[in-house]
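Biologist: Could we go through this structure together? I would like to begin with a single residue and then widen the view.

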Amino acid sequence: MKERRRFIRYHIDRGLIVLDDDDIIGMARVIDISDGGFGCVGLSPIPYSTNWINGIDLYDPNTDISLQQISGRMTRYVINKNSTGSIASTISYFVGFEVSPNSVTQIANFREILCGDQPASS
């Protein structure tokens, strides 16, 4: 199968969080980032939207580094239900975001600061 991604993904395992001004995303954990967007997972419901979301902030509480007020739109949306026992289960929401053309330079610079050149392994 041919890779369809335009940008290399870089894993984020440092607790980077994403928030947005309109509370559409709520608060989610960024799991990967690229020069064109990011993927995140949250435990609170994230409603699917095809519209551009403004006021997205990425924040690393460990280093106090942040990227603020970028725009993006959802390109991938998956709801995962994981059973943790006979009666308990956890639902998580994975969302992939493409940043708007005017945010590409900012996220590429931010990705370079966070990850350097260590791409994700598939």
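Biologist: Is Tyr77 buried or partly exposed?

Modeller: Tyr77 is partly exposed, because its relative accessible area is 26%. Buried means under 20% relative accessible area, exposed means over 50%, and partly exposed lies in between, with a 1.4 Å probe and protein chains only.

Biologist: What should I know about the model before we continue?

Modeller: It is a predicted model, in which local features need pLDDT of at least 70 and side-chain atom pairs count only at pLDDT 80 or more, while totals for chains, interfaces and linings use all residues. Residues are numbered from 1 along each chain as its sequence is written, and side-chain values use heavy atoms, with hydrogens and water left out.

Biologist: Which residue forms an aromatic pair with Tyr77?

Modeller: The structure holds two aromatic pairs; rings of Phe, Tyr and Trp (its six-membered ring) pair if their centres lie within 6.5 Å, and planes under 30 degrees apart count as stacked, over 60 as edge-to-face and the rest as tilted. In the other pair, Phe38 and Phe97 are stacked, at 5.0 Å centre to centre with 20° between the planes. Phe38 is in strand 4 and Phe97 in strand 7, 59 residues apart. The partner of Tyr77 is Tyr48, and this pair is edge-to-face, with 5.4 Å between the centres and 65° between the planes. Tyr48 lies in the loop between strand 4 and strand 5 and Tyr77 in strand 6, so the pair ties together parts 29 residues apart in sequence.

Biologist: And are Phe38 and Phe97 buried or exposed?

Modeller: Phe38 counts as buried, at 4% relative accessibility. Phe97 counts as buried, at 4% relative accessibility.

Biologist: Which residues have the most contacts inside the largest nonpolar core?

Modeller: That core has 25 residues, and those with the most contacts inside it include Phe38, Phe97 and Val18. A nonpolar core is a set of buried Ala, Val, Leu, Ile, Met, Phe, Trp, Tyr and Cys residues joined through side-chain atoms within 4.5 Å.

How values were computed: Helices (H or I, at least four residues) and strands (E, at least two) are DSSP runs, numbered from the N terminus.
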